[in-house]
Amino acid sequence: MILIKTIQQARNLLGKQQAGGSSIGFVPTMGALHNGHMSLIKTCLDDDQYCVCSIFVNPTQFNNPSDFARYPVTIEKDIRMLEAAGCNMLFLPSVEEMYPAGYTALHYDLGYLETILEGEFRPGHFQGVCQIVDKLLAVVAPDKLYMGQKDYQQCMVIKKMINLRGYSTELKIQPTIRETSGLAMSSRNMRLDDEAKAAAITISQVLFQMKENLRAGDLASLKQNARQRLEQQGFTVDYVEIADANDLQIVNAWDGSRSIVALLAAFLGEVRLIDNLVLS
Ligand code: AMP
């Protein structure tokens with residue numbers, strides 16, 4: 001695996017790969033890699049792509065400075081995992097490389113998508129996500145971009161940004177990888193102690209229970225029960241919502257046929273966890 005730290009070097013190398021006929025697949029991450037990330041790398045390689053992974057803890061997408069300061073960094077282990085998986089290139093830029101002095105941020109017109117769920121509870125978050133993924137797409141110019149369904153709304157936002165900016169990159173959304181307990185893998189899980197990790201299992205249990213108890217009609221009690229169960233386990237809930245799986249319009253009463261997804265975000269102490277499950 002080649003480790004690259006500057007945009008210029010990345011462009012030189014990837015330009016040669018593209019000229020040589022390679023198709024480029026890209027997996028952007030913030031590091032502290034786990035099997036969720038590695039499944040994206042594996043799919044990218046299985047698709048016969050020259051696989052580029054980036055690790056960059058992007059300051060502009062953190063609306064909470066202490067969340068940024070405490071974001072786990074395990075770079076040596078990450079490099080070993082990527083090498084073992086057969087990743088071709090790791091792009092590991094500094095903050096100065098991505099945001100040089102005088103950098104001016106674009107504003108992305110994300111419309112409704114930015115007003116709900118993560119957009120509502122993390123003001124500015126998706127603008128930061130778009131900024132960095134836009135910059136990374138300009139550097140890597142991938143044919144395919146691999147992202148996890150774990151961040152359901154983020155996938156929709158990036159799809160919109162790709163359209164707004166006119167990239168020809170194809171977004172490939174991959175399923176959420178879970179621990180055997182059901183807990184969705186996340187870098188933030190590293191911040192949970194054993195007791196908190198045991199409590200965190202409630203998140204996926206609540207989602208699977210919502211799927212099991214889903215009936216056509218009013219969805220208020222389904223959401224309310226989920227919220228209550230999380231609160232009983234000591235969570236502070238930001239939201240438990242059910243939305244149209246295609247456009248994230250909030251669904252309060254289900255007609256029994258529309259594809260819907262349950263999404264939630266909740267704090268366990270200072271650690272904020274998110275998860276989602278397509279219900280139908
Ligand atoms: P992050 O490093 O958390 O920004 O995530 C980088 C990419 O990995 C994003 O596309 C995430 O959606 C994806 N990802 C994170 N956790 C998982 C998971 N448990 N399963 C599948 N993909 C994931």
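Strand S2 (24-29), helix H2 (35-46) and strand S5 (144-148) each supply at least two residues of the shell around the ligand; helices (H or I, at least four residues) and strands (E, at least two) are DSSP runs, numbered from the N terminus. The model is a predicted one, in which local features need pLDDT of at least 70 and side-chain atom pairs count only at pLDDT 80 or more, while totals for chains, interfaces and linings use all residues. Residues are numbered from 1 along each chain as its sequence is written, and side-chain values use heavy atoms, with hydrogens and water left out.

Helix H2 gives the most to the shell, with three residues. Of the 16 residues around the ligand, Met30, His37, Asp151, Ile177 and Met185 come nearest, where a residue is near a molecule or strand if one of its heavy atoms lies within 4 Å of it. By class, the shell holds eight nonpolar, six polar and two charged residues; Ala, Val, Leu, Ile, Met, Phe, Trp, Tyr, Cys and Pro count as nonpolar, Asp, Glu, Lys and Arg as charged, and the others, Gly among them, as polar.

A polar side-chain atom of Asp151 lies 2.6 Å from an oxygen atom of the ligand, and a backbone N or O atom of Gly148 lies 3.0 Å from a ligand oxygen atom. A nitrogen atom of the ligand is 2.8 Å from a polar backbone atom of Ile177. The protein covers 92% of the 480 Å² of accessible area that the ligand has on its own, as given by the Shrake-Rupley method with a 1.4 Å probe.

Strands S2 and S5 also belong to an open sheet of six strands, with the order S1-S4-S3-S2-S5-S6 and parallel pairing; two strands pair if DSSP finds at least two bridges between them. Strand S1 (2-4) and strand S6 (170-174) stand at the edges, each with a single partner strand, so one side of each has no neighbour in the sheet. The twist averages 25° from one strand to the next; axes are lines fitted to C-alpha atoms, for helices over the stretch in contact, and angles run from 0 to 180 degrees between N-to-C directions. Two bridges join S2 to S5, and Gly25 stands opposite Lys144 in S5. Helix H8 (residues 152-165) packs on this sheet, touching S5 and S6, and its direction makes about 155° with that of S5; contact means heavy atoms within 4.5 Å. Helix H4 (residues 75-85) lies across strand S3 (50-55) and strand S4 (89-91), running at about 170° to S3.

Next comes an open sheet of three strands, with the order S8-S10-S11 and antiparallel pairing. Its edges are strand S8 (236-244) and strand S11 (271-278), each with a single partner strand, so one side of each is left without a neighbour in the sheet. Here the twist averages 10° from one strand to the next. Strand S10 (residues 260-268) pairs with S11 over eight bridges, and Val261 has Val278 in S11 as its bridge partner. Helix H9 (residues 194-213) lies across S8, S10 and S11, at about 25° to S11. Helix H10 (residues 220-232) touches S8 and S10, with its direction at about 155° to that of S8.

Definitions and conventions. Polar contact = N/O pair within 3.5 Å; in protein donor to acceptor, adjacent residues only side chain to side chain.
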